[in-house]
Amino acid sequence: MERLMKATVSEECVACGLCVDICPDVFEMGTQYAQVKMAGIPAEFEAAVRQAADECPVSAIAIEQ
């Protein structure tokens with residue numbers, strides 16, 4: 001069975017919306033900060049999730065493979 005990537009957004013998030021712009025299939029804006037919409041991230045979204053994590057201005061996105 002394939003192990004899916006997981007991503008989390010910490011409370012360090014400043015709600016800039018960059019991750020939502022980069023990968024709206026995975027990220028959405030919550031009431032206080034961005035959140036991940038799915039428990040396991042399908043392979044087709046992995047590159048965009050990595051880009052969102054790399055470009056996050058406060059490094060609030062953590063990725064677990």
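Visitor: Which residues is Glu46 in contact with, leaving aside its neighbours within four places in sequence?
Guide: This is a predicted model, where local features need pLDDT of at least 70, side-chain atom pairs count only at pLDDT 80 or more, and totals for chains, interfaces and linings use all residues. Residues are numbered from 1 along each chain as its sequence is written, and side-chain values use heavy atoms, with hydrogens and water left out. Contact means heavy atoms within 4.5 Å. With those sequence neighbours left aside, Glu46 is in contact with Met5, Ile41 and Gln65.

Visitor: How far from Glu46 is the nearest side chain of opposite charge?
Guide: Glu46 is buried (under 20% relative accessible area, with exposed over 50% and partly exposed in between, using a 1.4 Å probe and protein chains only). Lys and Arg count as positive and Asp and Glu as negative, while His and the chain ends are not counted. A salt bridge needs a side-chain nitrogen of Lys or Arg within 4 Å of a carboxyl oxygen of Asp or Glu. Glu46 has none, and its nearest side chain of opposite charge, Arg50, lies at 4.4 Å.

Visitor: How many disulfides does the whole structure have?
Guide: A disulfide is a pair of cysteine sulfur atoms within 2.5 Å. For Cys19, the nearest cysteine sulfur, that of Cys13, is 6.1 Å away. For Cys23, the nearest is that of Cys19, at 8.9 Å. A search of the whole structure finds zero.

Visitor: Why does Cys23 count as buried?
Guide: Let's look at its accessibility. Cys23 counts as buried because its relative accessibility is 3%.
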